[in-house]
Every structure is written in structure tokens, then in C-alpha cells.
Amino acid sequence: MTTKDRMSIMNRFNSYLVSLIKDILRINLTLFKVMIPTIVVVKILEEIGAIPYIAHLLSPFMALVGLPEEVSVIWAATILTTNYTGMLLFFQYIQHDPLSIAQTTVLASMMLMAHSLPVECAIARKAGVRVLYTVSLRIGVGLLMGWLLHISYSYSNIFQETNVLLWQPSVSTPDASLAAWVLEQLHSFVYIFLMIAGLVIGLRILKAIGLEALLKKLLRPLLRLTGIHADAANFTLVGMTLGLSFGGGLLIDEAKRGTLQPKDIFLSVSLLCLCHSLIEDTILMLMLGSDLISILLVRVVFSILIMMLIVRLYPLLSQTLQTRFLIVSGTR
């Protein structure tokens, strides 16, 4: 190999590396621009005591799903913040008011469907899907799934025994200082940055070695059921396994590039709203003592059924209604 050939290879490698770094920085910057203001607003809402008001709005629905009215605080905190906050409140609650396995599973399924809504709905909106739709979808489907599980457990009389945890953390009061909160957020941002970098690199490797095409082929039956375009398969799979923030961040980038149609983004985000972070979130809910089949298999099947309904209803709406209620007009 001549010196000229080696220089040519090095130049191509450097160009590829620069392009890769630019992609990683662009996606992270876009994601952080959405997340940081939203997280600050959520923190302010927490400080002024918004959670009890949200819990008050949710409390009438608790009897519908077979839960005590007081449990609404757990779900409200989860909706406004994260599953981790909801788990902390759950462990505090069951020390004096135990729940059955059925009740725990119902609550866990609702937490899986609707959590971190301010941040994740902001990401969905940046990708091109309206906030009112995503909030309504996640809370509405969360209540529907909770009700169906409650009815099935009641009629079959299963999981009615008291939930006895094999492991329970010692619940202590976390550091509530502003400095501790800022440090926690910085740790989260570093984690997100590294995860996005790994995803971008991983997706490029999949494409280079030809596994991307194979992955799309394997996902074709699922994509056909949910109406999602094959070009959105990778990002949808990322969101389903790792979380809506990661899959949504990649979808935002694709929306900016114009490589996906608004309908494809809408359907992909809809599925991610219902079924995301199947690994981490499922493990977290297992720690509460919920039933694995219900929070994983039933959740996936239920999400696909809901998506099949959405796919059939979407074409019935005019473009005006789609833009008004479902899709942010700027993404068209």
C-alpha cells in the first residue's frame, strides 16, 4: 500500500469520525434542549406541591381498578416524575397498608403505561406528536389496562394473597437539597449522553455489516400489525427495549432530516408511549412484587392490540383533524 493510499484511508476515517461525533452531539443537544427546561418546570411543580392536586384528580379512578384511594399519590408522583419516585412512595405505603399481588400488579401496569409524562411528552412533541394526544393515550390506556387486569384477577380469584416482598429496601428520607438534585440530574445527563453515543455507533455498525436489513425483516410481522414503516424499525426497537427518551431522541433527528413521514413518526411514537423500556422498567416493577407475565407479556400484547386499533382509526381522520389533534403541523 502506498503512502497516498494510506493517507486516503486516514482522510476517509477522519471524515467518518467527524460525522459520527457530529451526529452524537446533534442528537444529544436536541434531546437536552427538550429535557432540561421540562425537568426544571417539573422540579418547580414538585416544590409548590402539585403532586397532591394531580392525585386528587386521579383518586376517583382508583376504585375502578380495585386500588385504595390513597394509592393515587403513588401514581401521580410517577406520572409527574419517574418510576423511581413512585417506587419510593410504594415502599413507604406498604409498610402500614399492604396490597395484594393483584393490586400491586395493577398499580405497576399503570405506572409502566404512564410515568415521566412531562419529559417524555415533550420529547414526543419535538418528534411531531401532540402533547394532549400522548397524555390522553398513556393515562387512558393505563387506566384501561389496570381495569382489565383488576376484572380478570377478581373473576379468576388469582393473586389475591397479600404481597410479601422477598426484598424490601430500608426507606430513608432522600437528600432534598437543591445541590443534590442538580448533581442527580447531571449524572442522568452523562448517562443519557453515553447511551446515545453507544446507540448511534451501534446503529452504524448494524448498517455497515448488513444486520439492519435483517432486523427489519425479522420485525416485519410486528411492523405490519402496528403500521410502522420499516425505516423506523430500529428507532422503535431502541425505544421499546431501552426507553422512550432514547428512541424518541433518534426519531427527533430523523424527523429533522425528513426521512420519515409524519404518519410513520406518529405511529412509532404511539407504540413507544404504550410499550417502552421493556428491560429496565420491567425489572423495576418486579421489585414491587408484581406478576411478570402481566407486566411484560400482557403489556406487549395489549399495546399491539391498541396499535392495531390506532392504525385503523388514523386514516378515518381528515388531515385537518390529524394536524389539530395528533400531529404537530410543523413536522409536515
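Modeller: One term before we start: buried means under 20% relative accessible area. Also, this is a predicted model.

Biologist: OK. Which residues of α6 are buried?
Modeller: Leu117, Val119, Glu120, Cys121, Ala122, Ile123, Ala124 and Ala127. Helix α6 spans residues 117–127, and eight of its 11 residues are buried. That makes α6 mostly covered.

Biologist: What follows α6?
Modeller: Gly128. The phi of Gly128 is positive, near 125 degrees.

Biologist: Switching to the core. Which residues have the most contacts inside the largest nonpolar one?
Modeller: Trp75, Phe266 and Met285. That core has 99 residues. Helix α1, residues 3–47, gives the most to this core: nine residues.

Biologist: What does Met285 touch, away from its sequence neighbours?
Modeller: Leaving out neighbours within four places in sequence, Met285 contacts Asn83, Met87, Ala108, Met111, Leu112, Ser290 and Ile295.

Biologist: What about α4, which residues are buried there?
Modeller: In α4, residues 83–93, the buried ones are Asn83, Gly86, Met87, Phe90, Phe91 and Tyr93. They cover an arc of only 155 degrees around the axis, so they sit on the same side of α4.

Biologist: And what do they pack against?
Modeller: The buried residues of α4 pack against α3 (72–80), α5 (101–113) and α13 (280–286).

Biologist: Where is Leu45?
Modeller: In helix α1. Leu45 counts as partly exposed because its relative accessibility is 30%.

Conventions
Residues are numbered from 1 along each chain as its sequence is written. This is a predicted model: local features need pLDDT of at least 70, side-chain atom pairs count only at pLDDT 80 or more; totals for chains, interfaces and linings use all residues. Side-chain values use heavy atoms; hydrogens and water are left out. A nonpolar core is a set of buried Ala, Val, Leu, Ile, Met, Phe, Trp, Tyr and Cys residues joined through side-chain atoms within 4.5 Å. Buried means under 20% relative accessible area, exposed over 50%, partly exposed in between (1.4 Å probe, protein chains only). Helices (H or I, at least four residues) and strands (E, at least two) are DSSP runs, numbered from the N terminus. Contact means heavy atoms within 4.5 Å. The arc is that of the directions from the helix axis to the C-beta atoms.
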